[in-house]
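My entries follow in the order I made them.

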Amino acid sequence: MTTSFFLAGVMQGSRRDIDAADQSYRLLLRRMIERVHPAAVVHDPHELVLRRYGDRVAEMRGALAAVADAPVIVRERLGPEVLELLDVFHEMARLASASDICVVWLPGHEPSMGTAAEMYGAYQAGRTVVTITEMRYNVAVLSCSTVILPDLAAFSDWLVKDGDSLCTTS
């Protein structure tokens with residue numbers, strides 16, 4: 001049976017603007033997974049969103065930036081571009097909960113509310129949630145992780161030694 005992985009991690013994080021965090025970690029995680037599990041299906045929400053929006057990325061970012069200037073935000077009054085982004089957020093959380101293993105990248109001590117939603121969904125669905133982080137005192141991380149690892153080297157070791165045994169499937 002093919003194992004599926006979902007790559008959760010900081011995209012916008014705690015930034016006040018719409019600029020994304022460095023996403024190069026996603027390729028590293030994908031390569032590590034595919035080296036140990038060549039047949040794995042790897043779901044990368046960053047890649048999926050870029051593929052979906054293509055040349056509309058600037059338009060979508062502009063629509064989101066415009067919302068940030070509003071003093072009061074009412075969901076039913078949001079524009080179609082923003083509502084589309086919100087639907088994608090929920091879609092990615094569902095995909096995380098449907099994947100066998102949710103791999104979470106939370107470097108340093110930067111929180112990510114989107115990542116927390118993906119972690120929570122995957123954990124509630126009984127999936128394996130492997131979190132790579134230094135945040136050992138964060139209750140959300142502790143509550144929604146099956147395994148917490150300190151760095152990429154530990155993740156690589158986990159993939160080789162324990163990845164198959166902790167994989168849960170529906």
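**Sheet**

I began with strand S1 (residues 4-9) and strand S3 (residues 101-106), which run parallel and are joined by 5 bridges. Phenylalanine 5 has isoleucine 101 as its bridge partner in S3. I take helices (H or I, at least four residues) and strands (E, at least two) as DSSP runs, numbered from the N terminus. Two strands pair if DSSP finds at least two bridges between them.

I noted that this is a predicted model, in which local features need pLDDT of at least 70 and side-chain atom pairs count only at pLDDT 80 or more, while totals for chains, interfaces and linings use all residues. Residues are numbered from 1 along each chain as its sequence is written, and side-chain values use heavy atoms, with hydrogens and water left out.

Next I looked up the strand order. The sheet is open, has 5 strands in the order S2-S1-S3-S4-S5, and its pairing is parallel. Strand S2 (41-43) and strand S5 (147-149) are the edge strands, each pairing on one side only. From one strand to the next the twist averages 20°.

**Helices on the sheet**

I then checked which helices cover the strands. Helix H4 (residues 80-98) lies across S1, S2 and S3 and runs at about 135° to S1. Helix H5 (residues 113-124) packs on the sheet and touches S1, S3 and strand S4 (128-133), its direction making about 155° with that of S3. Contact means heavy atoms within 4.5 Å. Axes are lines fitted to C-alpha atoms, for helices over the stretch in contact, and angles run from 0 to 180 degrees between N-to-C directions.

**H1 and H7**

The axes of helix H1 (residues 25-36) and helix H7 (residues 152-161) come within 9 Å and cross at roughly 25°. That makes H1 roughly parallel to H7 (angles under 35 degrees count as roughly parallel, over 145 as roughly antiparallel, 65 to 115 as roughly perpendicular and the rest as oblique). On the H1 side I listed Leu28, Leu29, Met32, Ile33, Arg35 and Val36, and on the H7 side Leu152, Phe155, Ser156, Leu159 and Val160. I sorted the residues of this contact into 9 nonpolar, 1 polar and 1 charged (Ala, Val, Leu, Ile, Met, Phe, Trp, Tyr, Cys and Pro count as nonpolar, Asp, Glu, Lys and Arg as charged, and the others, Gly among them, as polar).

**H3 and H4**

For helix H3 (residues 57-68) and H4, the axes come within 9 Å and cross at roughly 100°. H3 and H4 are therefore roughly perpendicular to each other. H3 contributes Glu59, Met60, Ala63, Leu64 and Val67, and H4 contributes Glu81, Val82, Glu84 and Leu85. This contact has 6 nonpolar residues, no polar ones and 3 charged.

**H2**

Which residue caps the N-terminal end of helix H2 (residues 45-53)? I found aspartate 44 there, with a side-chain oxygen 3.0 Å from the backbone nitrogen of histidine 46. Just after H2, glycine 54 takes a positive phi of about 45°.

Last, I looked at H2 against H4, whose axes come within 11 Å and cross at roughly 145°. Pro45, Leu48, Val49, Arg52 and Tyr53 of H2 meet Glu84, Leu85, Val88, Glu91, Met92 and Leu95 of H4.

Notes: A polar contact is a pair of N or O atoms within 3.5 Å; within protein, one must be able to donate a hydrogen and the other to accept it, and residues adjacent in sequence count only if both atoms are side-chain atoms.
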